[in-house]
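Subject: Structure for your review

Dear colleague,

Please find below the structure that I am handing over to you. My notes on what was found in it follow directly after.

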Amino acid sequence: MSAFMESRVWKFMKRILSLLSSPEALFWSIGSWVTYYTFMMIWDKESFAHFVNGLADRTIMQVPYLLFLLTGYLNLFRSSKKCLKTNIWKLAGTKLLPFGILLVFTGAFISISSRQFQWINAMPGDEIRPRWAQEQYRVESVDAGVRDRLLDIDSEGESGIFKYEPKVTISQSGQAARSIGAFPPSRVGNTFYHVLNFGMAPSFAISEGGVLKGREYVPLRLLMPGSNDSFEIQPLPYKFLVSFEPDRTIQKGSVKAGEYNMKDPLLRIRVLEGQDVVAEEVTRESMSFRNIRLDVGKPVYWVQLEAVKDRGVYLIVSGLLFTCLGLPLYVISICMNLLRRQD
Amino acid sequence: MSSFVVYEAFFAGLKEGLKAGIIWYVLASLLHVKGMLRLQRAFIAGTLFSVIAAASFLFLNVTPEIREYIANSGEMSFALLLVASAAALLNSSGLRLFSLLDRVSGKAFLRNSAIFAASAIFFVPDISGTFIFIKDLSLLNERAYQTYASLAAGVSVSVLLISAMSRLLSRGLVSSFFELPQLLLFASMMKLTAGGTGGISEISLIPAVQRGLMKLSHDIIHQTFVMLMVPDHPLLKTTTWNFIGFFFGPNIASWETLLLFLLCPLMFIYYSLASPLPETAAAAGAERRRFVQSVLSDRRRKAVPVLLFVLLISASWFSQSGEKISAVKVPKAKPVVEDRGMVLIPVTDPTMDLKDGSLHKFVLSRSDKEIRIMVIMKPDGRISVCLDACEICPPDGYGLREDHVVCLYCNTPIPVVSLGEPGGCNPIPLAFAADDRFIRIAVDEIMKKRELINSSRSAEAAR
């Protein structure tokens, strides 16, 4: 009886496997997706975003996708087995591309459905630890790569405002320091880190009636000439608007440009109480209004790091490599096949 | 003559008549050769049903939503035909995609129903759009009957032309180029090139298809960058941004989408030329050569309509890219000034009307810098106010191309309905207050949102 059951189960399994490994099943799953996507594209407009969101957390989207992947791998296995018997070069020529594409799709699924990420704002001296990580790291330095002196027209030109790509150095006690750039991301422990954004954090000390109320670095969205940001200090009723000011203006012919010292920038500070401007000053040292004094210190850079835990990323990268390698081989193999038919 | 004929109505009638006539003739030729000419009745019934169903729009109040629904239905029917033709092409290349239907495919009822449904899917949106267009025209014309008479004249001329064509081209010759896949592909080609309707959408559906595919291509690239942790931020400009910009460029996107669109027809042509010949009892000699010759000749003939489709699409793709795609309207920004912390934009003045559905731009000068603001009324009647920049690209701004705005830097099409939603390639939305006379935007809001330009920060909020 048991042998009979096993044999029936096995036969059933074989039928299912043979169905899934058929090119028909693969084309049906691709065709179904194309039809679904086209329908969504016409009636919804943001179809890709909805598809990706659905893939992240909706079983009704995940199951057909997984079936498609299974069908794809089974088809690849079946056709590779056939190739292996006849011509091993054909295997490399025709199967590397679909293998690469399937790896990308697999990696994308793992990435979309299980990716964890966190955006962390930090300044030198801060400790960082994403919520899923055990290890804690200390931000040793933020090297913004911004040129020491720049013109306001630099941000519009090709040269940009950077000397080189920004870098952050982090370290853990007893371990060597690690440098993190913008791209490619650096893997530290089980987490990828890369620089997503950064800006300047000038130091401000505030005294009221000669009594120091506080001193700290204030991270502001200040990076290049023309940018401005504001901050408030509780419980004071003021809003401080901060922007860069040029140290001098250069004129060549009809072109005028402001030159900025980014190492020790000159700041325009406007103090607002409600809608009214209470005080305004261009300084790199201090300003006073009413019975308050605001001292400005040398700024540091703050950085926004993206920390990502993603198990799919290696599959995606290797899939892309296989695809890049497989594409020309596939084209060559098609051309050779056509030539052979001509003969 | 010119005072009597309403040319738009005449050409609308001619176009629809020719479309129906050509498809009928090809279908009838194919059915005639296969000995199934009686099935053409189902096609005629489907077409008549479409005319009757579409005629209801002559008596209904056609709202903008209904117009959009009809335009979408036209695109949908094209997509269904194309997917069906792709499936049929693959099926005829040796795959057995419809083996489950083998047992029932011979039943006359099913065949009749399929032809009836296909013709209704093909014609209902087109004829509905045409009737709505004609109704609009008749309302503009002092003598409405002239419009309807011109439509009828157009249809009559198309009948004469089809009748002349049927005498010039024998059914045998026409049917030698067609099987079911080629017929479906031919129908989708007709739909693509002449499936739109004046007043509702473009005459050709190619721009709509291009937009959809361009958006898909852009979304895939963007998603890949997210997964590979490529920051879309100016801090990459010196090293990687140019490389990224290459993938976002309009030329690459245009080629990618064309390839995607033509993948199936190209596969069919490849299989027609390269698939092995079927086994024959005639092992050698003249008989075998004749057999091989007839198989190859038949395959080549059947590949001709597919090849024509590929050539036609390729030609129109790049002519559209060259003219229509670059036909982006970028309005000149009008200067606005700050007034007690607010920017006031009049809803109407002698030179403009913000509710005309067109894109309007304004520029505010602050500290020697210019900040551009764009205003547009969405199809749902709500006004959208945004900065003329997004959080990803350098702030080149947006232009209006037909019914969507397009980023001038990365060429991403953005549906107007999605304006006001933050994030990605959408323009950065601004909070504003509006009454009948003015749109009011706080300068603080503008300055605050300006910091988002080219910063990528939206994604933080979006996630």
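In domains 2 and 3 of chain A, 14 residues of domain 2 are in contact with 17 residues of domain 3, where contact means heavy atoms within 4.5 Å. The centres of domain 2 and domain 3 of chain A, taken over C-alpha atoms, are separated by 25 Å. The domain assignment of chain A gives domain 1 (2-115 + 316-342), domain 2 (117-199) and domain 3 (210-296); such bounds come from an automatic or database domain assignment.

Please note that this is a predicted model, in which local features need pLDDT of at least 70 and side-chain atom pairs count only at pLDDT 80 or more, while totals for chains, interfaces and linings use all residues. Residues are numbered from 1 along each chain as its sequence is written, chains are lettered from A and ligands numbered from 1 in the order in which they are written, and side-chain values use heavy atoms, with hydrogens and water left out.

Chain A

Helix 3 (residues 47-57) and helix 5 (residues 88-114) of chain A pack with their axes 7 Å apart, at an angle of about 75°. Helices (H or I, at least four residues) and strands (E, at least two) are DSSP runs, numbered from the N terminus. Axes are lines fitted to C-alpha atoms, for helices over the stretch in contact, and angles run from 0 to 180 degrees between N-to-C directions. Helix 3 and helix 5 of chain A are therefore roughly perpendicular to each other; angles under 35 degrees count as roughly parallel, over 145 as roughly antiparallel, 65 to 115 as roughly perpendicular and the rest as oblique. Where they meet, helix 3 of chain A brings Val52(A), Leu55(A) and Ala56(A), and helix 5 of chain A brings Phe109(A), Ile112(A) and Ser113(A).

Ser79(A) lies in helix 4 (residues 59-86) of chain A. Ser79(A) counts as buried because its relative accessibility is 17%; buried means under 20% relative accessible area, exposed over 50%, and partly exposed in between (1.4 Å probe, protein chains only). The side chain of Ser79(A) makes a polar contact with the side chain of Lys95(A), at 3.4 Å. A polar contact is a pair of N or O atoms within 3.5 Å; within protein, one must be able to donate a hydrogen and the other to accept it, and residues adjacent in sequence count only if both atoms are side-chain atoms.

Two backbone features of chain A may also interest you. The peptide bond from Phe183(A) to Pro184(A) is cis, with omega near 0°, and Pro184(A) is in the loop between strand 6 (178-180) and strand 7 (186-188) of chain A. Arg290(A), in the loop between strand 16 (286-289) and strand 17 (292-309) of chain A, has phi near 45°, a positive value in a residue other than glycine. With a relative accessible area of 56%, Arg290(A) is exposed.

Chain B

The secondary structure of chain B comes to 13 helices and 13 strands, and buried residues make up 51% of its 463 residues. The domain assignment of chain B gives domain 1 (2-200) and domain 2 (333-462), whose centres, taken over C-alpha atoms, are separated by 42 Å.

The axes of helix 1 and helix 4 (residues 108-140) of chain B come within 10 Å and cross at roughly 170°, so helix 1 and helix 4 of chain B are roughly antiparallel to each other. Among the residues making this contact are Ala12(B), Ile23(B) and Leu27(B) of helix 1 of chain B and Phe122(B), Ile127(B) and Leu137(B) of helix 4 of chain B.

Ser119(B) is in helix 4 of chain B and is buried, with a relative accessible area of 3%. A polar atom of the Ser119(B) side chain lies 2.9 Å from the backbone oxygen of Phe116(B). Not counting residues up to four places away in sequence, Ser119(B) touches Ala42(B), Phe43(B), Gly46(B), Thr47(B) and Ser50(B).

Met229(B) is found in the loop between helix 8 (206-227) and helix 9 (237-248) of chain B. Phi of Met229(B) is near 60°, a positive value in a residue other than glycine, and at 1% relative accessibility Met229(B) counts as buried.

Kind regards
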